[in-house]
Amino acid sequence: MFVVYMQDYDFVDLVGLYRTKQGAESYVASMIDDTPIEDSEYKIEFLEVED
């Protein structure tokens with residue numbers, strides 16, 4: 001499972017918990033208007049956790 005958070009200059013937002021990294025990346029991409037994650041203005045982290 002993956003915990004996802006997005007960080008900007010003023011905030012850290014917990015995006016959610018996802019079963020697959022692909023699912024998490026797809027959801028995050030939709031949140032940032034399909035901008036490639038690596039080109040986003042946000043620092044986006046995918047942390048793998050055991051379920």
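Is Asp33 buried or exposed? At 69% relative accessibility, Asp33 counts as exposed. The views below set this residue in its surroundings. The model is predicted.

**View 1**
The protein holds one helix and three strands. Its C-alpha trace spans about 30 × 20 × 15 Å along the principal axes. The radius of gyration is 10 Å, which agrees with the value near 10 Å for a compact globule of 51 residues. Of the 51 residues, 27% are buried. The accessible surface comes to about 3900 Å². Carbon and sulfur atoms account for 44% of that surface. Among contacts with a separation of 6 or more, 43% join residues 24 or more positions apart.

**View 2. Three strands form an open, antiparallel sheet in the order β2-β1-β3.**
The edge strands are β2 and β3, and each pairs on one side only. Neighbouring strands are turned by 20° against each other on average, direction ignored. The helix α1 packs on this sheet and touches β1, β2 and β3. The direction of α1 makes about 140° with that of β2. Strands of a sheet pair through backbone hydrogen bonds, either parallel or antiparallel.

**View 3. β1 and β2 form a hairpin.**
Four residues lie between the two strands. β1 and β2 pair in the antiparallel sense over six bridges. Phe2 stands opposite Tyr18 in β2. Val4 has Gly16 of β2 as its bridge partner. Gln7 has Val12 of β2 as its bridge partner.

**View 4. β3 pairs with β1 in the antiparallel sense.**
The pairing of β1 and β3 runs over six bridges. Phe2 has Glu48 as its bridge partner in β3. Phe2 also stands opposite Tyr18 in β2.

**View 5. The side chains of β1 alternate between two faces.**
Phe2, Val4 and Met6 point to one face and are buried.

**View 6. The largest nonpolar core has 11 residues.**
Its members are Phe2, Val4, Met6, Val15, Tyr18, Ala24, Val28, Ile32, Ile37, Ile44 and Phe46. The elements that give two or more residues to this core are β1 (2–7), β2 (12–18), α1 (21–31) and β3 (43–48). β1 gives the most, with three residues. In soluble globular proteins, nonpolar side chains tend to be buried together.

**View 7. Ile44 is a member of the largest nonpolar core.**
Which residues is Ile44 in contact with, leaving aside its neighbours within four places in sequence? They are Val4, Tyr5, Met6, Val28, Ile32 and Ile37. Val4, Met6, Val28, Ile32 and Ile37 also belong to the largest nonpolar core.

**View 8. Asp33 and Asp34 each have a positive phi.**
Asp33 lies in the loop between α1 and β3, and Asp34 is found in that loop too. Phi of Asp33 is near 55°. Phi of Asp34 is about 60°. Neither Asp33 nor Asp34 is a glycine. Most residues other than glycine have a negative phi, and most peptide bonds are trans. Asp33 counts as exposed because its relative accessibility is 69%, and the cut-off for exposed is over 50%. Asp34 is exposed as well, with a relative accessible area of 61%.

**View 9. Ser40 lies in the loop between α1 and β3.**
Is Ser40 buried or exposed? Ser40 counts as buried because its relative accessibility is 16%, and buried means under 20%. Leaving aside neighbours within four places in sequence, Ser40 is in contact with Ile32 and Thr35. Ile32 is one of the residues of the largest nonpolar core. Asp33, in the loop between α1 and β3, counts as exposed at 69% relative accessibility.

Conventions: Residues are numbered from 1 along each chain as its sequence is written. This is a predicted model: local features need pLDDT of at least 70, side-chain atom pairs count only at pLDDT 80 or more; totals for chains, interfaces and linings use all residues. Side-chain values use heavy atoms; hydrogens and water are left out. A nonpolar core is a set of buried Ala, Val, Leu, Ile, Met, Phe, Trp, Tyr and Cys residues joined through side-chain atoms within 4.5 Å. Buried means under 20% relative accessible area, exposed over 50%, partly exposed in between (1.4 Å probe, protein chains only). Contact means heavy atoms within 4.5 Å. Two strands pair if DSSP finds at least two bridges between them. The radius of gyration is taken over C-alpha atoms; the globule rule is 2.2 Å times the number of residues to the power 0.38. Accessible areas come from the Shrake-Rupley method with a 1.4 Å probe; for residues, only the protein chains shown count as cover. Axes are lines fitted to C-alpha atoms, for helices over the stretch in contact, and angles run from 0 to 180 degrees between N-to-C directions.
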